[in-house]
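Have the model open while you read, and check each point against it.

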Amino acid sequence: MTHLGLRGMPTQNPCAQCGEPIAMPEWIEEQEDRMIYLWHCHSCDYCFEAIAFFENEGSQHQPLAA
């Protein structure tokens, strides 16, 4: 499993509604192959989620293009 810690946490993500930078996510959920971030913009009061998917360490994929 991938662990990001505070140094790997996304910061200054732009709001999906108004584009203002958001300093840090309000909530983070770590699952086996993904991290889910809840962002809340205090400028326009818009909330949205962003999901980062991680490849499992043992998975083997064929290249999509040669």
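Predicted model: local features only at pLDDT ≥ 70, side-chain atom pairs only at ≥ 80, totals over all residues.

1. Let's start with a turn: S3 and S4 are joined by a hairpin through 2 residues. Strands here are DSSP runs of E, at least two residues long, and helices are runs of H or I, at least four residues long, numbered from the N terminus. S3 pairs with strand S4 (residues 34-40) in the antiparallel sense, over 5 bridges; two strands count as paired if DSSP finds at least two bridges between them.

2. Residues are numbered from 1 along each chain as its sequence is written, and side-chain values use heavy atoms, with hydrogens and water left out.

3. How confident is the predictor? pLDDT is its confidence in each residue, from 0 to 100. The protein averages 81, and 73% of the residues score at least 70. Strand S1 (residues 13-14) has the lowest confidence, with a mean of 90, and strand S2 (residues 21-22) the highest, at 95.

4. Now the overall layout. The protein has 5 strands and 0 helices, so from the N terminus the elements read β-β-β-β-β. An open sheet is formed by 3 strands in the order S3-S4-S5, with antiparallel pairing. Strand S3 (27-31) and strand S5 (47-53) are at the edges with a single partner strand each, so one side of each has no neighbour in the sheet.

5. Which residues make up the largest nonpolar core? There are 7 of them: Cys15, Ile22, Met35, Tyr37, Trp39, Cys41 and Phe48. S4 gives the largest share of this core, 3 residues. A nonpolar core is a set of buried Ala, Val, Leu, Ile, Met, Phe, Trp, Tyr and Cys residues joined through side-chain atoms within 4.5 Å, and buried means under 20% relative accessible area (1.4 Å probe, protein chains only). Of the protein's 66 residues, 17% count as buried.

6. Finally, zoom in on Cys41. Leaving aside neighbours within four places in sequence, Cys41 is in contact (heavy atoms within 4.5 Å) with Cys15, Cys18, Glu20, Ile22 and Tyr46.

Notes:
Buried < 20%, exposed > 50% of the residue type's maximum accessible area, 1.4 Å probe, protein only. pLDDT = per-residue confidence, 0-100.
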